Amino acid sequence: MTWLKIFDRVSIREFAQIDAIFVGSVVAILALGMVMVASASISISESIHGHPYFFMGRQGLYLTIGLIFGWVLLSLPTHQLQKWGILMMGLSLILLILVLMPGIGKSVNGSRRWINLVVFNLQASEVAKVCMVVYVSGYLVRRADRVREGWVGFVLPLCLCSIFLLFLLFEPDFGASVVLLGTVMVLLFLGGAPLYQFLLLMIGAVSMLGVVAISESYRLKRLMNFIDPWADPFNEGYQLSQALIAYGRGEWFGLGLGNSVQKLSYLPEAHTDFVFSIWVEETGMLGGLLLILLFALMVARAFKIGRQAMTLSRPFSAYMCFGFSILILAQVIINIGVNTGFLPTKGLTLPLISYGGSSLIITLGSLFVVARVDVENKRVEKGDHPEATNEMKEIVK
């Protein structure tokens, strides 16, 4: 078939040469994620489905789908993604519109963020974040001079981003809005936007998000309650106070895997947004630091792959690596910040750890794209890739 010609298979030998620390950290985080979903969801799984490992089984299915999806992306040349950037952005915008339509979008806890695909619920914002990174990465290559020299090239992608933000706030999904806007702004800065423009717009963006944050009474309550959850520990501050109790129980070495008390219907969303609290309760502060270290290693190696791509004059691939790294890093910081009471409660999952199909599949897909960039970097260095320069080919000879 003609469409199969766009794929470029990665050999087993090339796969084995992908950055070992990057691959190892991803595998370790995925393994810990499966363990924690199994542990944290036992109580709610038993009460809702009559089986203690229902959610673990579903997470295993999502992981399988994510690995298959990721392997397909690993075989897709990055220049194809560059060609499809505008199309991907358009499709993700359509998803954000569809999710708001009655009968199509699925509402959970007052938020309409999902589209039922039978096998799993697709969260439109997860697709939008990744597609926006691909589009902006291509834009920074096509309009590099405009971004670096004038306001128009800098503001244009932010205007497009604001359309996405509008639909995200209609869902509402304030957390995804913050992550998306922050990622786009950092990418523009990495793309060479002048510092004064970046700082001025950052001040404007923070002010705008501040107004949005206090425009709804429930958001204002969250802002007030995270400052002192113990002021109302049985109502608005209940979730955070129970999370903090989990940290207190865990101390340095934890209660042991499977021995959490807070997951026994005390802490809401124990297997999704607040899985980090259960992890620390069972493995202690040392376990929490270990997980943070694994995320740091994964993000740092992804950045390293991106820097290598930039050195090899492959800016699109570099910006994608930077963008996906920033997306994951932002979600990790916000999720752990929420769990520990440093940030207001937001509905953001912990990547690769929390239960959920969309987050796991889309995040895995982005990481496989980073792996593809590493494969192509090595091909360029060897001189057997279309992007290899004549000078580099001569060096190889």
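In the predicted model, Arg372 and Glu376 form a salt bridge, with the closest N and O atoms 2.9 Å apart; a salt bridge is a side-chain nitrogen of Lys or Arg within 4 Å of a carboxyl oxygen of Asp or Glu. Because the two residues are four positions apart in helix 16, Arg372 and Glu376 are separated by about one helical turn. Helices (H or I, at least four residues) are DSSP runs, numbered from the N terminus. Both Arg372 and Glu376 are buried, where buried means under 20% relative accessible area, exposed over 50%, and partly exposed in between (1.4 Å probe, protein chains only). Salt bridges that share partners join Arg372 and Glu376 with Asp8, Glu14, Arg314 and Arg379 into one network.

Arg372 also forms a salt bridge with Asp8, with 3.0 Å between the closest N and O atoms. This pair links distant parts of the chain, 364 residues apart: Arg372 lies in helix 16 (residues 357-382) and Asp8 in the segment before helix 1 (12-16). The relative accessible area of Arg372 is 1%, whereas Asp8 is partly exposed at 29%.

A further salt bridge is formed by Glu281 and Arg249, the closest N and O atoms being 4.0 Å apart. Glu281 belongs to helix 14 (residues 275-311) and Arg249 to helix 13 (residues 238-250), and the pair, 32 residues apart, links distant parts of the chain. Glu281 is buried, with a relative accessible area of 0%, while Arg249 is partly exposed at 37%. The count of salt bridges comes to ten.

Residues are numbered from 1 along each chain as its sequence is written, and side-chain values use heavy atoms, with hydrogens and water left out. As the model is predicted, local features need pLDDT of at least 70 and side-chain atom pairs count only at pLDDT 80 or more, while totals for chains, interfaces and linings use all residues.
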